[in-house]
Amino acid sequence: MARLVMRSDGMHMPAPYEVRAFNQAAASENKIHDDAVAQRFGFKGALVPGVTVFAYMAHQPVARWGRAWLGRGAAECRFLKPVYDGDMARVSAAKEGDGLALLVESGGQRCATGHAGMPPPRAAPAVDALPTGVPSAERPKASEESLAVGRALGIKAFVVDRALHATYLDEIGETEPLYRAEDLVHPGQVLRLANFALLQNVVLGPWIHVASTIRFHSAAHIGEELTLRSRVTSNAVNKGHAIVTFDALVVADGARVVAEIGHSAIWRPRQVAEAEAAAPGMHHSA
């Protein structure tokens with residue numbers, strides 16, 4: 001069980017949470033999770049996925065608010081520095097307004113920051129508030145056109161079965177018993193569906209998840225069919241990096257909104273753009 005510590009003002013706060021980071025995407029098409037490729041980009045080794053780092057962060061709000069946070073909580077996260085496979089990641093929480101300021105530290109670095117809270121209840125968006133999209137069997141290469149503003153990025157229906165659920169919880173080192181006891185899909189798995197929206201719709205080279213927001217409207221359960229509806233809201237270059245941002249809804253069994261997501265990723269890092277400019281016609285595959 002998560003430990004809580006009593007502050008001087010009587011508020012119970014989650015104790016720091018430590019987990020040994022694990023690169024869940026070593027076999028991914030995204031080669032930023034491969035040691036050799038990541039090192040060419042100046043990193044020490046393969047990056048642990050941002051959605052995995054978020055999964056570590058999510059331990060703290062559940063420690064603070066319990067199951068209620070999975071049904072109507074909210075969070076935002078920004079990834080600043082890499083977390084590397086095998087390193088210890090320490091997630092701390094501090095009071096910030098009515099919520100928690102979250103910090104992930106690893107290898108002596110501030111790797112991610114965020115905020116989690118329990119906003120006032122409001123109705124979930126309609127299931128069809130965002131467009132549905134069907135991934136193409138022939139994915140186009142990621143570009144300004146294939147990730148144009150307004151494009152819908154759908155995913156194949158995804159079911160977390162009992163075996164996948166157990167493997168995922170083991171891989172992220174989750175110690176909160178709630179997920180196994182109540183067959184609840186972990187919030188890291190929910191956010192991961194936004195990555196699927198990119199992976200299933202375009203062919204990407206090395207890319208980096210940089211930030212997300214998420215607001216839950218209901219908990220997802222083992223065995224439910226999860227889909228994602230989305231719309232690209234921006235695709236622009238900042239400091240040489242091409243960054244795509246999209247809004248998304250995670251829907252359970254086609255009938256219930258699980259979460260609203262805002263997702264941002266560098267789909268073409270500056271280093272790739274510079275290499276392409278130096279060698280026109282050179283093809284960079286995923």
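Here are some friendly notes on this predicted model, to read with the structure open beside you.

1. **The overall make-up.** Start with the whole chain before zooming in. The protein has 286 residues, and 52% of them count as buried. Its secondary structure consists of 8 helices and 12 strands. The accessible surface is about 12600 Å², with carbon and sulfur atoms contributing 52% of that area.

2. **The nonpolar core.** The largest nonpolar core has 70 residues. Which of them touch the most other members? They are Phe54, Trp69, Val104, Leu198 and Ile214. Helix H7, residues 187-199, supplies the largest share of this core, with 7 residues.

3. **A look at Leu198.** Setting aside neighbours within four places in sequence, Leu198 is in contact with Leu147, Leu153, Leu204, Trp207, Val244, Phe246 and Ala265. Leu198 is also one of the buried residues of H7.

4. **Helix H7.** This helix is mostly covered, with 11 of its 13 residues buried. Among them are Pro187, Gly188, Gln189 and Asn195, along with Leu191, Leu193 and Phe196.

5. **Helix H2.** Is this helix, residues 50-57, mostly covered or mostly open? It is mostly covered, since 8 of its 8 residues are buried. The buried residues include Gly50, Thr52, Tyr56 and Met57. Phe54 is buried here as well, and you met Phe54 above among the core residues that touch the most other members.

6. Most residues other than glycine have a negative phi. Which loop holds Lys239? Lys239 sits between strand S10 (225-238) and strand S11 (241-252). Although Lys239 is not a glycine, its phi is positive, at about 55 degrees. Asp253 also has a positive phi, near 50 degrees, and is likewise a residue other than glycine. Its place is the loop between S11 and strand S12 (256-268).

7. **How open those two residues are.** Lys239 has a relative accessible area of 70%, so Lys239 is exposed. Asp253, at 47% relative accessibility, counts as partly exposed. The cut-off explains the two labels: exposed means over 50%.

Note on methods. Residues are numbered from 1 along each chain as its sequence is written. This is a predicted model: local features need pLDDT of at least 70, side-chain atom pairs count only at pLDDT 80 or more; totals for chains, interfaces and linings use all residues. Side-chain values use heavy atoms; hydrogens and water are left out. A nonpolar core is a set of buried Ala, Val, Leu, Ile, Met, Phe, Trp, Tyr and Cys residues joined through side-chain atoms within 4.5 Å. Buried means under 20% relative accessible area, exposed over 50%, partly exposed in between (1.4 Å probe, protein chains only). Helices (H or I, at least four residues) and strands (E, at least two) are DSSP runs, numbered from the N terminus. Contact means heavy atoms within 4.5 Å. Accessible areas come from the Shrake-Rupley method with a 1.4 Å probe; for residues, only the protein chains shown count as cover.
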